[in-house]
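Hello,

Here is the structure I said I would pass on. My notes on the sheet and the ligand follow it.

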Amino acid sequence: MNDHPAQPRAIRSYVLRAGRMTPAQQRALEAAWPRYGAVPDDLGDPVALFGRRAPLYLEIGIGNGDNLVAAAARERHANHLGCEVHRPGLGHALLQIERLALDNVRLLGADANDVLDALPAASLDGAAMYFPDPWPKKRHHKRRLLATPFLAALARCLKPSACFWFATDDADYARQAAELIDGAPGWRNLCGARAWAPRPHRRIVTRFEARARRAGHVVYELLAAPHAGECARGAGATRPGKT
Ligand SMILES: C[S@@+](CC[C@H](N)C(=O)[O-])C[C@H]1O[C@@H](n2cnc3c(N)ncnc32)[C@H](O)[C@@H]1O
């Protein structure tokens, strides 16, 4: 796997910690990575990577991969890419992929920015980022993954009809993301300027969402498109602060 992304970036949205890896996760990383793992260079030809032509979805920062695996198991007609920099999370995802014998998932142990740089233009049918690291301290806001250059890179990769789903329980990050989307060239919040989307029914409740809800946090959802496309799955919008 790609432990050393090709293009070092000055400010990262993560801090790599060793983390605790179970023996099963370690085994899965050794045995199953050749089949399910990819590096950004492989993304130049997604059809070759998956061995078939199919709609392509990207989940950024998959954590343990629970939502990615559920999506791949449910939507077998589509190809699913997941990127994550935390190795134990990738190991956990691999264990589930092996158990379900999924052949429509590929994992990237790489920075999402490098993944977006490597994907062909207009190759994604959709992308999602759920509960990204919030970096709540003001001096750390520059580490937040959703930023103007990220939106430009993602817009290049998304097809004209594609959507981007975003969720966070950090109210400040949510407001910032809504404002950045409203201000980014070509991007449109599909629920209206600075409006929240309904929770996507297709997302399972991950560990992070469950923890946020247990703590009584509001979960803010955004649904946006970079090309004012045809994706209209968002309805029933509410204004920021009223969710
Ligand atoms: C708070 S966790 C949420 C995980 C998952 N989306 C969920 O809802 O359970 C955020 C994840 O994003 C990953 N991450 C942070 N920056 C990243 C980047 N630049 N590229 C890929 N993954 C990243 C972290 O390692 C972490 O696992």
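**Strand pairing and the ligand shell**

Leu 124 stands opposite Leu 158 of strand 6. Please keep in mind that the model is predicted.

That pair belongs to the pairing of two strands: strand 5 (residues 124–130) and strand 6 (residues 158–168) run parallel and are joined by six bridges. Helix 7 (residues 171–183) packs on the sheet, where it touches strand 6, strand 7 and strand 8 (220–225). The direction of helix 7 makes about 15 degrees with that of strand 8.

Strand 6 is mostly covered, with eight of its 11 residues buried. To get from strand 5 to strand 6, the chain passes through helix 6 (residues 148–157), and this β-α-β crossover is right-handed. Strand 6 also pairs with strand 8, here in the antiparallel sense and over five bridges. Within that pairing, Thr 168 has Tyr 220 in strand 8 as its bridge partner.

The sheet as a whole is open and has eight strands in the order 1-4-3-2-5-6-8-7, with mixed pairing. Strand 1 (37–38) and strand 7 (188–189) are at the edges and have a single partner strand each, so one side of each has no neighbour in the sheet.

Now the ligand. It is surrounded by 22 residues, and the closest are Tyr 14, Gly 61, Gly 63, Ala 112 and Thr 206. By class, this shell has 11 nonpolar, six polar and five charged residues. Helix 8 (residues 207–214) gives the most to the shell, with three residues.

Regards

How values were computed:
Residues numbered from 1 in each chain as written. Predicted model: local features only at pLDDT ≥ 70, side-chain atom pairs only at ≥ 80, totals over all residues. Near = placed C-beta within 6 Å. Helix = DSSP H or I, 4+ residues; strand = E, 2+ residues; numbered from the N terminus. Nonpolar A, V, L, I, M, F, W, Y, C, P; charged D, E, K, R; others polar. Pairing = 2+ DSSP bridges. Contact = placed C-beta atoms within 7 Å. Axes fitted to C-alpha atoms, helices over the stretch in contact; angles between N-to-C directions. Buried ≥ 20, exposed ≤ 12 C-beta atoms within 10 Å, placed from the backbone. Right-handed = clockwise from strand over helix to strand, strands pointing away.
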